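Hello,

Here is the two-chain model for you to look through. My notes follow below it.

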Amino acid sequence: MAPKGRTRTLFWLIILISFLALVIDLPQNLPLRFSWKNFTLDTQISRPDFNFSFGNFKFKKELELKQGLDLAGGSHLVFKAKMEGVAEEDRPAALDAARDNIERRVNFFGVSEPLVQTSKVGEEYRLIVELPGVTEIDQAIDLIGQTAQLDFREQESSDSAVFISTDLTGKDLKRSQVQFDPNTGQPTVSLEFNAEGADLFGQITTRNVGMIVGIFLDEQPVSLPRVDEPITSGQAIIRGDFTLEEAKKLSIQLNAGALPVPIEIIEQRNIGATLGQESIEKSVRAGLVGLLMVIGFMWALYGRLGFLADLGLIIYGLITLALYKLIPVTLTLPGMAGFILSVGMAVDANILIFERIKEEIRWGKQPREAMELGFGRAWDSIRDANICTLITCFILFNPFNWSFLNVSGMIRGFALTLGLGIFISLFTGIVVTRTLLRTFFIKKENKA
Amino acid sequence: MNFMKFKWLYFLLSALVLVPGMISLILFGLKPSIDFIGGSLLELKFEESQSPTTDYQKTIEETGFEVYSIQSSGEKEFLIRMKPITKDDVSLIKAALAEKFEEMPQEVRFETVGPTLGRELLIKTLIAILLAASTILGYVAWAFKKAKFGACAIIAMFHDSLVMLGIFSLLGHFYGVEVDTLFVTALLTILSFSVHDTVVVYDRIRESQKRHPGINFIDLVNKAITETLARSLNNSMTIIFMLLALYLLGGETIKWFIFALLIGTISGTYSSTFTAAPLLVIWDQIEAKVKKK
């Protein structure tokens, strides 16, 4: 039997956690309207923002539920990168460049939170693009599908901002890499030209010593280096006050021109926003009805014990939703199903315990002792049973991106919500319910 | 109660569900969605036009596209499945429908999956199922120190999978219900739920074995079932409540996913008491006979 002090501490801790979770769960603004006889209440509860700063440490968190494509509407596109024309060792760099290229073009559309991922399946390189909110994507596909155009331009005159195109373009560039200056240790960006490019670049740099040779990607300047001396070797280096990140970015942009990869669409899914909205409303309503049924069922079956389990279940709901916002979990339709299923499983721990308590009482134990024994003895079953579900969640979620398993966002959403649900339900089903039981039940019994 | 006396009855009941499903699986197989075989799925919506879907199909086919199937998916929406098409083709189809039925259809959903992608998913899915099954088998065998517990739990698990596969094969043949990625998710979830439920029963057998070393095995199993049946039913009821609410009130897109989970939950509850436990008894009897010889 746990010491009284510890139970009390736990009790207040649970109250605190539940309250924090409740605050996080609130929508940004919650209007409250209430009127009773002469008393009218018309106010709005605003959730405080989570912005902290301790010295250099700043913490800011947007507390909005992230919705997946199937709920918010949008497009999911999978492209295959055609790498036939690219040398084996340059392929990862070419894929990075292609991703950067797509990102740049997607940003041009003003899409909020686009997602561009790369993946390699067997010998095939792929690009996965998710565009929330965009369903008219004919244009998007056309634009994304174009390869990048890189060219080098000369200044019109020494103090002019006008650049004139030269014959040197991305196809003359072999590759670009990030290097470090051996003297200063600063990151620099190297350019390596092919024979024709070396020749052209030699001519351009000889003509333009002291002037700027602009590098343009899709008509936008990406670097404006000044020429120090003629470079005829075909190996150039761009120096500048680069951070490593900036140097990498520049190198990737140059590679987009040097290693252009044609892409081909192999999968596309468009989900209209209305379908998503309807699904959310329906699922939320279904979840609430289901929850009420479970609460009623537990109460009818186990009386006061069941009521405490219901409290635990509500706390479970609060904590889960708060975690979704904090992590954040992108909520998809299967994800919501996973959550709702985990509510059912959350109650299981309590049912196992309560049945055990009933049994111990039948075997002649005092209710108080039976309660403590029930929690202890049910643990083995609860553990073994939940480990099996966790194994399945692990395989479905595929956290290490093993290429022989699925990495579909939908299935992952389901596995994540179900797995989280099990962990939280173990906490609420055992720790929370036991503490509530000890606090309310045993106190009452002592009085009697 | 002497539950084990009727063990052949339980197997008969399982067979009544399993055999038609298995026959259907062998004869008709499953109806795979475009997730697995590649193709296009287009969902359109007409506000006004009330023509039967076969009329729409005719118009689309006259435009020059092969339609695999067409079915209504809501009051005003309908789903068209066909060979992989492009976004331009969608515009053509919409224009043709608009001309014929004097109303521009709204595009609700458009999905296209390349055929190689589909095959790849199929292989990955099979690997996932085998991996999950063998890991769970390993865990159960380790937790109960005896291979027979693990093996019987896995047989019960396959029982539930076959029930689901069989029923979906029948549904696919008679109602055109497709098997997609979500169905696989449901299948994997039920694999773990089935073992979850079985473990609780086995756990009680293990505990009783320790507490009453003298009692014969059948009595032990009977005792364990009597003690866990209420819990097993109550727990399944809560899950079934949630699923039923989702099935009746949830959206159209996850309807069959929820239905698969519902069948699996019912089968999983049944199998842990009426398949997994009797199997253990039979295994024990065979073991005893072999030892005598």
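Glu102(B) sits in the loop between α4 (87-101) and β4 of chain B. Helices (H or I, at least four residues) and strands (E, at least two) are DSSP runs, numbered from the N terminus. The model is predicted: local features need pLDDT of at least 70, side-chain atom pairs count only at pLDDT 80 or more, and totals for chains, interfaces and linings use all residues. Residues are numbered from 1 along each chain as its sequence is written, and chains are lettered from A and ligands numbered from 1 in the order in which they are written.

Glu102(B) is not a glycine, yet its phi is positive, near 55°. Most residues other than glycine have a negative phi. Is Glu102(B) buried or exposed? Glu102(B) is exposed, with 9 other C-beta atoms within 10 Å. For these terms, buried means 20 or more other C-beta atoms within 10 Å of the residue's own, exposed means 12 or fewer, and partly exposed lies in between; C-beta atoms are placed from the backbone.

Glu219(A) is not a glycine and has a positive phi of about 70°. Its place is the loop between β13 (213-217) and β14 (220-223) of chain A. Glu219(A) is exposed, with 7 other C-beta atoms within 10 Å.

**A sheet built from both chains**

Which strands make up the open sheet of eight? The order is β7(A)-β8(A)-β6(A)-β16(A)-β4(B)-β1(B)-β3(B)-β2(B), and the pairing is antiparallel. Strands count as paired if DSSP finds at least two bridges between them. The edge strands are β7 (115-121) of chain A and β2 (67-72) of chain B, each pairing on one side only. From one strand to the next, the twist averages 20°. Here axes are lines fitted to C-alpha atoms, for helices over the stretch in contact, and angles run from 0 to 180 degrees between N-to-C directions.

The chains meet within this sheet at β16(A) and β4(B). Strand β16 (residues 263-271) of chain A runs antiparallel to β4(B), and five bridges join them. Arg269(A) has Glu111(B) as its bridge partner. Glu267(A) stands opposite Val113(B).

β4(B) also pairs within its own chain. Seven bridges join it to strand β1 (residues 39-45) of chain B, again antiparallel. Ser40(B) has Thr112(B) as its bridge partner there. On the chain A side, seven bridges join β7(A) to the antiparallel strand β8 (residues 124-132). Lys120(A) is partnered by Tyr125(A) in that pair.

**The contact between the chains**

How many residues does each chain bring to the contact? Chain B brings 54 and chain A brings 55. Two residues are in contact if their C-beta atoms, placed from the backbone, lie within 7 Å. On the chain B side, β4 (106-113), α5 (115-143), α7 (181-211), α8 (217-249) and α9 (255-292) each supply at least two residues. By class, that side has 30 nonpolar, 15 polar and nine charged residues. Ala, Val, Leu, Ile, Met, Phe, Trp, Tyr, Cys and Pro count as nonpolar, Asp, Glu, Lys and Arg as charged, and the others, Gly among them, as polar.

**Domains**

Domain bounds come from an automatic or database domain assignment. Chain A has domain 1 (4-25 + 272-447) and domain 2 (74-271). Their centres, taken over C-alpha atoms, are 50 Å apart. Chain B has domain 1 (3-33 + 117-292) and domain 2 (39-113). Here the centres, again over C-alpha atoms, are 40 Å apart. Four residues of domain 1 of chain B contact five residues of domain 2 of chain B.

**Cores and chain A overall**

The largest nonpolar core has 120 residues. Ala337(A), Ala153(B), Met242(B), Phe257(B) and Ala260(B) touch the most other members. A nonpolar core is a set of buried Ala, Val, Leu, Ile, Met, Phe, Trp, Tyr and Cys residues joined through C-beta atoms within 7 Å. Leaving out residues up to four places away in sequence, Ala260(B) touches Met164(B), Phe168(B), Phe183(B) and Ala186(B). A second, separate core of 42 residues includes Val129(A), Val134(A), Phe193(A) and Ile215(A).

Chain A has 10 helices and 17 strands. Of its 448 residues, 39% count as buried.

Best wishes
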